[in-house]
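Could you walk me through this structure in the viewer, one selection at a time? I would like to know what to pick next and what is there.

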Amino acid sequence: MQLLLSHANRDPAVFERPYAFDPSRRNLDKVLSWNGVDAAVRAGQAPRGCPGRALSIDLARQIVEQSLPPRDAPPAAPRARAAQWQVEAAVRPSPGQGSCDYSASDRPSEDLELRNEHDDEAMYAYYGAGLVNIVLGVLVSLFGIPGEASLSVGIFTAAEALIVLGWFCLSQRLAFGALYVKGDAGIIRVQSWLGLLHYLGQAIAAFSWLRLHAVVTHADDARARAESASALRLCFGVMAIFVGAFAVFGTVIPTHMLQAAACVLFVPAAAKSWIAIAMFWWRHGGVLVLAACAFIAFWVGQVIAEQRGMSLIDYEAGSGIGVTLLARGLLGAEAAPHAWKYEVFARGFLAPSVYFAAAAHIDRVQGRGLGRAYPSELFMRRALRFKHSAPVLLALALAAIHSFAIPRSFGDITGCGEGGGEAAGPECAVDPTGGLDQYTKVYFSIIHLLDDGSQPGPSFVQAPNRTVQPLPKEQVVPGLVLPSYDEDEGLVTSRALANQAFSGYVKDGRLYPLEDLDLPWPEKDGAIKALMGRLSGSLAPAELYDYDANIGGDSLIGDAGLAHLCFAGLGAHVTRRTADGYEADFTYLAPLTVRPGFERYGAKATFDAAARPVSIWWSHGEKEVRPGDAAWTHAKFAFRSSLLTGVTLKDHLAATHLTIAATLVSASRDHLPATHPLRRLLKPFTYRTIAVNRAAGPLLVHELSLLHHTVALDAAGLEAGFAFAFNRTRDTFDPANPARFLEYPLEYPLSSAAECAATPPSSQAACADEADELAAFAADGTRYRAAVREYVGRYVGIYYADDAAVGSDVVLASFWAALVAHFPRIPPLSSREALVEVLTGFVFHVTAGHRHVGAAYSAVKDPRYAGAKIRPGRDMSDVQAAVQVLAIALVTGFKQPMLLGDYSHVFLRDGHRNATRALWSDFQAKLLQVSAEVDERNRGPRRFKVRAFDPREMATSVSI
């Protein structure tokens, strides 16, 4: 219900700019936050309105008032709109033209990107104006530069390109160009070198104004050359200071300080040029020269106002002076929300046009040609030619690569060869993958190219290095903040830049639109499995559960397959006991909206006491379907597909990767020094977690990501699904409870379940009645967790003699507080026992839990088994849907360091060195024993042969 209300409060059909925080919106009384339309709740007319509405608002008001400064407090520093940026952070047009208005560009380095629906409009409008600026420069270059004044404006247009690029990187918090540098004490600093271009561009813009002053003021060519040379030296000096500051301090320097430094140079330079142009107009006249004076005066006034915490323009209200006020007067109040677009037009198109025309007029009046200022005309002509032609050449090259090279390189994903044919295999004669959209082909091919087939060993996991906490973090989506630097990844800048460039390329909806092509499979016998086998190739992961071998010809399609999927396969952790038998419920997916042409997700399967399917509640059809009904086959496919989508999105990606593992690695590296024993304990279990989670953002979480293309959810449904998953995990995850797997009970479906639950965790495995074949998943899970707990407990005992030692560790208390902040069910750090249980729960979930919920390949290797999209009346995935979900499943086939291995080199080289090394050897022996027990039981009479908790199958962390 809360998910429905939250989604309704963001309905774009009701609320304009639904994702913007706007307490002043006119129809705020239509929100449903209090279980009814707010206006009706206030009037007491809502059928089930929340009686605590007034109380909740009063509490919120008092909290806000307590947080606000006193009413008689002095005005805030000149960052009047910083709070607005932190709340909404709409991409507004940069002032550009060398202006130092930092309302958009100077967001504090710790700010996170919060985007709204106007971002793309602003970006297109501003960069469209920037493109016009470049075109004006090209035209001037083609038709000749009449004099030094025009050449100075040409230098300004070159500076504008740097200002625009740097502003975009700063305002959007782009990671592109972010370098990680090791400092003297092992410090890791983030340095946004592309953001530095913004300030370098402003320095060059200031030089262009000083050069213009020299050529307009001095009739003596020698004096003009001398003054322009001095200005050039000053420009280079300031640029050297900026580069040096970034190299030494990085983003330790607040952005507003760099911006203020740029303004100190730009404002006097612009004012000096304005005086020279004004004097020229006074002597020689010229309407365009007067217009240039007006533009310069306005932008300088805007800069000064912003520095004092004011603004001549209110981008939100659309009020102010100049073009904005004129547009408001001519077009009416309804133009107010779009007022910034007129400012973009004025600053990006009108201003440079007027500057060029005024400069050309000045050159004609002076009539002295070129060669009177530095840099020389020949140098500047070459530089401007390169500056104007480079973007065009780059655009043409990229267009050729996208239109010709990439389709030819990634056109054949099955290896059948262009056009297929019987010679490559019988299935190649009917290969339908040539009709896939280009996005699917590119991603599928890239995934295969990235796999080199090597198996990383324990030596890849190195001891922690020294980092200064907290780690740099970025907001992936609203409500999800992840660290952006991983000590396990190394400082391979070229690879990082290539990954970011590729991510931006494939997420561009203009190049790769979201296409749901409905391609049919060939009807030739065996062709489907043969083609899926070709697509999987060497990347096919080791299957935790081979349905074909365990069930036979019936496989997952039949009723027996449904039971195997829910009691031993991908959905085993969700299945729970009821009064009449068992159920596996995925109806929480039903409220999520989908794209046209697909069914909604959501289904619930019920089983009798013998694990035989009884019925399926089909959410899209809104009815219960039983064996023998006409819709039974389709209902089973809808259930299997809902299970696959729910486990992948919620349990695997959102819960295990982005919440549980991310919190563990962030808390440990933020709060535990590299020499802390618990940091060493957790190192193997957090290996590459940050790196893989950072990659998951553009690959699987964002709009137009691979996951968005793969599932049927629309943008709103995808966002709502992740929001639900994040909140649900934080509210329910209880790592100290040995009888829970994620939010689900890890229980025995036995008559003696109560007795087993009452025994100590270390004895619960022995309590399981192996004669009851339905206990396999819970029994194996409990045995594995007991082995982990024994290891963690002995390790903690080496460094903490008793509860008092735990309580006296201040650093540990900080680490614990970070965990509790994310998971309120974590108990207080009151004893050594609590510490052991919580750490055991985290290790259990990032090893066995991750292996289980990530084992999707067995369910997607045949499009008849399950899919991530459900088409009405279809009982299998279409070709494109099957290939897309297979691509996600194959990523789990990338090899990573396995749990069975010698990781004792990460332990401290202290007085406990021998004890910790011996403990790791004992842990490995225990894991081998657990693995042997799993093999033995699976060779026995078990109906459901579970391998989810076989340590031989587990990686040491969520490193993929």
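A residue counts as buried when its relative accessible area is under 20%, as exposed when over 50%, and as partly exposed in between. Keep in mind along the way that this is a predicted model.

Start by selecting L704, in the loop between α21 (689-701) and α22 (706-710). Its relative accessible area is 18%, so L704 is buried. Now look at the backbone: phi of L704 is positive, about 65°, although the residue is not a glycine.

Next, go to A611, which you will find in the loop between β9 (603-607) and β10 (613-618). Here too a residue other than glycine has a positive phi, near 65°. A611 counts as buried because its relative accessibility is 1%.

Now for a pair of helices. Select α19 (residues 632-671) together with α28 (residues 810-822). How far apart are their axes, and at what angle do the helices pack? The axes lie 9 Å apart, and the angle is about 150°. That makes α19 roughly antiparallel to α28, since angles over 145 degrees count as such. If you turn the view to follow the crossing of α19 and α28, its hand is right-handed.

For the last stop, move to the surface and select W274, I275 and M279. Together they form a nonpolar patch with about 290 Å² of accessible area. Zoom in on M279, which sits in helix α9 (residues 255-284). Is M279 buried or partly exposed? Its relative accessibility is 42%, so M279 counts as partly exposed.

Conventions
Residues are numbered from 1 along each chain as its sequence is written. This is a predicted model: local features need pLDDT of at least 70, side-chain atom pairs count only at pLDDT 80 or more; totals for chains, interfaces and linings use all residues. Side-chain values use heavy atoms; hydrogens and water are left out. Patches are made of residues with over 30% relative accessible area and no salt bridge: like charges are joined within 9 Å, nonpolar side chains (Val, Leu, Ile, Met, Phe, Trp, Tyr) within 5 Å. Accessible areas come from the Shrake-Rupley method with a 1.4 Å probe; for residues, only the protein chains shown count as cover. A salt bridge is a side-chain nitrogen of Lys or Arg within 4 Å of a carboxyl oxygen of Asp or Glu. Helices (H or I, at least four residues) and strands (E, at least two) are DSSP runs, numbered from the N terminus. Buried means under 20% relative accessible area, exposed over 50%, partly exposed in between (1.4 Å probe, protein chains only). Axes are lines fitted to C-alpha atoms, for helices over the stretch in contact, and angles run from 0 to 180 degrees between N-to-C directions. Angles under 35 degrees count as roughly parallel, over 145 as roughly antiparallel, 65 to 115 as roughly perpendicular and the rest as oblique. A crossing is left-handed if the near helix is turned anticlockwise from the far one by less than a right angle, and right-handed if clockwise.
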